Amino acid sequence: MFLRHRGIGLGIGAVAVALSLAACGTSSGTSSGTSADAGKPAGEAAKKAVAQGGADFTTAAAKTAAMGTGAKPGEWPRTLTHAMGTTEIKTPPKRVVVLDVGELDNVVSLGIQPVGFAPSEGSPELPSYLKQDAGTPKHVGTINSLNLEAIAGLRPDLILGSQLRAADQYDELSKIAPTVFSIRPGFTWKENYLLNAAALDKTEEARAKLADYDRAVKDLGAKLGDDKPVVSMVRFLPDGLIRLYAKASFIGTILDDAGVPRPDNQNIPDLAAEVSAENIDQADADVIFTGVYGDPKATDKSAVQGNPLWKNLKAVKAGHAYEVPDETWYLGLGVTAAMEVVADLDRYLTR
């Protein structure tokens, strides 16, 4: 047992394809200017509202949980309510494009190989933990710079993304194919999963996967017992940015579900707290898990971990500081990644 322890504009060809697809009636997604979206902020304003510190950040999970469809299993067409309005999906989707790793994880976990996906800038390859089942989806830009022409060229029949990533491109995307957006990725991952599953008529499969996760994370909590270690989450990002991930994050929800306590500065209803190399002592805990986004050389990781402040941290001195895969712990944002994280936590915390 453990001892005390993330675009370019439409080209002429894309416009032609988009108009052609729209003319075929594949999309009835609500867009700006329609009654369902009246009064909603557009573009960057919509993205800012659901970003960390935004007016709609804390309510994103509850609002997403209220979205979905009233269609019965096997019923088509089906209409989805989602972050950008309503979208009708006429037939079972066969060619799905996903605009973030969370959506990629979601659809692959439901047995679907997407035709296109947008990775993060810091991890441009297909995540290794999904490679076996994801097939060979084409890149369609990155989460922050979508290539709409590439998306249109794949002739998708469903596009899955989020308001946070692509609210300003929703209208163009919905002309290419029926488009369903969650509010944001991250701590809303369970609600997003059910929304994506509703678009694919795979709600029962998704609920079963979430039930498997619930059992695994509760088993972990029970195995750790009442005297659980306090865990700190440290992530190194480019340009000297260092984050201590808090409760309103993907990893934060998993630690909460396992009943794992956090330092006071991370036990907050926010995505993360930012620190610098000079006050890295604020990361102290019984156990520290570190992640690195992108190229480690573009971050302050080496400088921080060579700093006496880091070396004097309780977890570091005890040998309880571990580097974990960024692609699952921070970028996974789906049930498959969550199960990988639970397995990692079990391995590290129950030694």
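**Burial, helix packing and backbone geometry in a predicted model**

Student: In which helix does Lys48 lie?
Tutor: This is a predicted model, in which local features need pLDDT of at least 70 and side-chain atom pairs count only at pLDDT 80 or more, while totals for chains, interfaces and linings use all residues. Residues are numbered from 1 along each chain as its sequence is written, and side-chain values use heavy atoms, with hydrogens and water left out. Helices (H or I, at least four residues) and strands (E, at least two) are DSSP runs, numbered from the N terminus. On that scheme, the run of residues 43-50 that holds Lys48 is helix H2.

Student: Is Lys48 buried or exposed?
Tutor: The classes rest on relative accessible area, with buried meaning under 20%, exposed over 50% and partly exposed in between (1.4 Å probe, protein chains only). Because its relative accessible area is 65%, Lys48 counts as exposed.

Student: How far apart are the C-alpha atoms of Lys48 and Arg165?
Tutor: Along the chain, Lys48 and Arg165 are 117 residues apart.

Student: How many of the residues of helix H4 are buried?
Tutor: Helix H4 covers residues 101-109 and is mostly covered. The buried residues of H4 include Glu103, Asp105 and Asn106 as well as Val107 and Val108. Following H4 comes Gly111, with a positive phi near 85°. The count of buried residues in H4 is nine of nine.

Student: Why are H4 and H9 described as oblique to each other?
Tutor: Axes are lines fitted to C-alpha atoms, for helices over the stretch in contact, and angles run from 0 to 180 degrees between N-to-C directions. Angles under 35 degrees count as roughly parallel, over 145 as roughly antiparallel, 65 to 115 as roughly perpendicular and the rest as oblique. The axes of H4 and H9 are 10 Å apart, and the helices pack at an angle of about 55°. The pair H4 and H9 is therefore oblique.

Student: With which residues is Asn192 in contact, leaving aside its neighbours within four places in sequence?
Tutor: Asn192 is found in helix H9 (residues 189-200) and is buried, with a relative accessible area of 4%. Contact means heavy atoms within 4.5 Å, and Asn192 is among the H9 residues that meet H4, together with Tyr193, Asn196 and Leu200. With those sequence neighbours left aside, the contacts of Asn192 are Thr64, Asn106, Ser182, Arg184 and Pro185.

Student: Is the crossing of H10 and H16 left-handed or right-handed?
Tutor: Helix H10 (residues 203-224) packs against H16 at an angle of about 15°, with the axes 10 Å apart, and that makes H10 roughly parallel to H16. A crossing is left-handed if the near helix is turned anticlockwise from the far one by less than a right angle, and right-handed if clockwise. By this rule, the passage of H10 over H16 is left-handed.

Student: How many nonpolar, polar and charged residues are in the contact of H11 with H16?
Tutor: The axes of H11 (residues 250-258) and H16 (residues 335-349) come within 11 Å and cross at roughly 55°. The contact is made by Phe250, Ile251, Ile254 and Leu255 of H11 with Ala337, Ala338, Val341, Val342 and Leu345 of H16. Ala, Val, Leu, Ile, Met, Phe, Trp, Tyr, Cys and Pro count as nonpolar, Asp, Glu, Lys and Arg as charged, and the others, Gly among them, as polar. The contact of H11 with H16 accordingly has nine nonpolar, no polar and no charged residues.

Student: Which side chain is joined to that of Asp286 by a polar contact of 3.4 Å?
Tutor: Asp286 is found in the loop between strands E12 (272-275) and E13 (287-292), and is buried at a relative accessible area of 7%. A polar contact is a pair of N or O atoms within 3.5 Å; within protein, one must be able to donate a hydrogen and the other to accept it, and residues adjacent in sequence count only if both atoms are side-chain atoms. The side chain of Asp286 reaches the backbone nitrogen of Val230 at 2.9 Å. The side chain joined to that of Asp286 at 3.4 Å belongs to Lys314.

Student: What is the phi of Leu333 near?
Tutor: Most residues other than glycine have a negative phi. Leu333 is found in the loop between helix H15 (326-329) and H16, and counts as buried at 7% relative accessibility. Its phi is positive, near 55°.
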